[in-house]
Amino acid sequence: MADSSVPVPIRGDGITKRFGQTVALDTVSLQVGGGEIFGLLGPNGAGKTTLIRIILDIIKPDAGRLEVFGRTFQPADRDRIGYLPEERGLYPRQPVAAVLEYMGALKGMSRADARAETARWLERLGLADVAARKVEQLSKGNQQKVQIAATLIARPDIVILDEPLSGLDPVSARLVIGVIRGCAAAGQTVLLSTHQMGMVESLCTRVLMIARGRVVLDGELRDIKRRFSSNAIRVQSTADYRACPHVERIEDPSTPDGFAAVYLRAPATGDEFLHWMVATGARVEHFERLSTPLEEIFVRVATEQAVEAT
Amino acid sequence: MNKALIIARWEFLATVTRRAYIFSVVAMPLLFGIIGAIPVLSTRSAASSAADMPMAIVDPAGLVDLELAGRLANERAQARPRAARPELVPARPDGLVKYGELAPALEALSVRRVAAVYELAPDYLASGTISVYTRSSGFFGQAFANQRQGQVIDAIRASLLQTQLSGDALARAYAPAARLERFTVDGAGHPSRDEDAGTLGPFAGSFIVLILLTMSIFFSAGFLQQGTVEDRQNRVMEILLSSVTAEQLLIGKLLGLGAAGLLQVGLYVVLVIVPGSTVLSFFQVPLGGVMVSLVYFALGYTLFACLMAGFGMIGRTQQETAQLSALWTLAAVSPMWFIMAITAAPNGLMARALSFFPLTSPVTMIIRLSVGSVPPMDLLISVVVLIVAIYFALIGAARIFRAATLMYGKRPNLPELIRWLRAA
């Protein structure tokens with residue numbers, strides 16, 4: 001249970017923002033706790049970036065309330081929030097180390113601290129040998145790593161990452177995922193906006209999905225996946241599943257390894273199916289509840305919203 | 001350190017280390033300096049070497065009295081006002097040599113013992129014919145030749161007049177305006193002596209300051225605009241606004257890029273004006289007026305930099321932004337169209353009206369200060385008007401900064417722009 005004496009890093013309540021006739025955000029509420037990696041999901045144009053800009057106080061909401069660190073945004077809070085935008089934003093003609101030191105200084109670091117942290121982050125991200133090079137001379141992936149270092153250099157309490165793995169190869173991506181996990185382990189709050197659902201499943205405990213400015217999914221990732229579960233079982237046994245009254249359909253019944261995906265007829269449960277197999281004397285080698293991939297949930301919800309809108 | 005100062009330092013260093021900046025600061029004035037210095041130095045060199053040589057007068061009729069001509073030339077030189085523009089080649093009493101025949105005079109010319117030969121025709125009194133013989137001295141030697149020709153003509157005039165006049169009458173006929181005194185009448189009808197009368201110096205000096213300050217306003221504001229467009233194109237703006245307020249960002253850029261512009265003008269002064277001071281020594285720059293002009297430079301730069309920075313966020317490209325900003329440039333330099341009216345009546349209705357309108361105030365006030373004293377109330381009103389205008393320009397530019405961060409690749413229309421400006 002969360003400690004109520006510790007202010008919630010990000011809390012939004014009924015946030016609404018319009019641009020002319022377009023409703024970018026419609027009564028969106030969210031709460032992100034300390035040390036949490038929180039997934040902010042949604043199709044393109046859903047309103048994710050608008051929500052991030054409101055959290056950063058770059059733009060103001062038309063209605064609703066947004067609090068960071070338990071109060072309305074204060075100018076000094078900028079020093080405690082690191083932001084990695086989806087679009088890379090660096091000074092292409094300046095040396096890498098100089099850019100990082102400048103970004104650190106803008107977050108309130110002393111020159112000495114900024115220099116020391118620059119060296120540490122360049123070392124950690126494998127960029128120590130390019131410190132003196134101009135940003136434009138780096139590969140796209142290395143520029144992304146510099147951008148990540150610029151976001152994290154001041155050890156912000158809130159880290160907002162918009163597509164952090166953009167342009168990274170698998171090795172660098174794994175390195176950055178480790179960095180994100182390290183942030184959360186150190187108590188930093190991470191708000192992760194990405195379309196890479198595998199990354200969300202491996203990192204996030206809670207997610208919020210926005211579509212057309214409205215919240216369409218919100219909560220524990222485990223609960224969401226359970227809610228969208230298809231009541232399917234991956235099973236390997238000697239049983240004849242077609243004979244079971246609980247089975248609706250079977251996929252891949254004749255794979256060489258004997259595995260099959262069995263879809264149960266509601267309201268039958270997996271336990272009832274397992275009992276039936278045991279009762280028929282079948283030998284059960286493998287029994288696994290199949291969960292719906294987050295990507296499928298995302299596509300299903302986004303499609304439903306699009307259909308609803310038309 | 002204050003975040004605005006951190007931004008200022010970064011912007012200053014990023015700008016002054018750019019190749020384009022270094023080229024414009026060092027190469028351009030050097031180029032113009034060399035182009036300007038070569039003809040001046042070569043002319044002075046040619047004139048100086050020729051000035052050491054006398055000129056020959058071939059005077060078969062014996063009309064010219066060289067002793068009298070030399071004495072009168074000396075008197076006129078001593079009566080000349082100190083502040084007057086120096087002559088390229090000062091007249092010398094011993095600058096003329098008389099020859100009885102043309103041939104030896106031409107021989108002296110060919111071996112560079114004389115600079116030129118003036119042959120008076122035998123019927124000179126009736127016809128006025130003088131034949132002039134010189135060596136080729138090129139285009140820039142023309143001014144020198146014309147000036148020395150005046151010495152010959154003065155000598156002939158004095159020699160002819162002495163048969164009709166003498167004493168002071170002769171001296172006045174030789175130099176009718178040897179001591180010219182000028183007075184300026186103020187608004188109350190009180191005349192005061194103009195010590196610099198008859199010279200170009202004071203106004204020219206102030207005019208140079210005017211041009212320099214006007215140039216520096218647009219250099220600096222241009223840097224700021226270029227910087228904001230680049231930040232927007234590089235997508236840096238959104239990151240910066242997650243670390244600092246729009247006001248801090250704008251003020252930091254104003255300070256840093258303003259300093260870069262000032263440095264550029266300062267280096268122009270050092271690289272061009274100081275070495276050229278021997279040529280420009282006769283320009284008298286009124287320091288008091290320059291100091292007040294610097295205040296208008298600072299206010300003018302801040303105002304136009306805010307306006308141009310705001311417009312820098314609206315255009316999609318550098319070119320489009322420059323086109324949009326032409327509006328401000330035209331407004332700022334528009335007092336130049338009325339420069340004759342302003343200088344003729346520096347405290348007149350038009351000059352005062354332009355001084356109290358923020359967009360025309362800086363340049364108008366610098367012009368007014370360059371030609372005379374300005375009433376303290378006018379100074380006060382124009383400064384207040386500019387400070388108020390700067391306040392609103394700063395607020396507007398900061399709002400545009402914040403709002404334009406949302407828009408990449410799309411130029412806002414007028415209703416959107418108004419909505420941004422009215423946004424909290």
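In β7 of chain A, A:Val159 is the bridge partner of A:Gly82. Helices (H or I, at least four residues) and strands (E, at least two) are DSSP runs, numbered from the N terminus.

A word on the source. This is a predicted model, where local features need pLDDT of at least 70, side-chain atom pairs count only at pLDDT 80 or more, and totals for chains, interfaces and linings use all residues. Residues are numbered from 1 along each chain as its sequence is written, and chains are lettered from A and ligands numbered from 1 in the order in which they are written.

Back to the strands. β6(A) and β7(A), residues 158–162, run parallel and are joined by four bridges. They belong to an open sheet of six strands, ordered β6-β7-β8-β3-β9-β10 in chain A, with mixed pairing; two strands pair if DSSP finds at least two bridges between them. β6 and β10 of chain A stand at the edges with a single partner strand each, so one side of each has no neighbour in the sheet.

Next, the helices. α4(A) lies across β6 and β7 of chain A, at about 165 degrees to β6(A). Angles run from 0 to 180 degrees between N-to-C directions, and axes are lines fitted to C-alpha atoms, for helices over the stretch in contact.

How do α2 and α4 of chain A cross? Their axes come within 8 Å and cross at roughly 25 degrees.

Methods
Contact = placed C-beta atoms within 7 Å.
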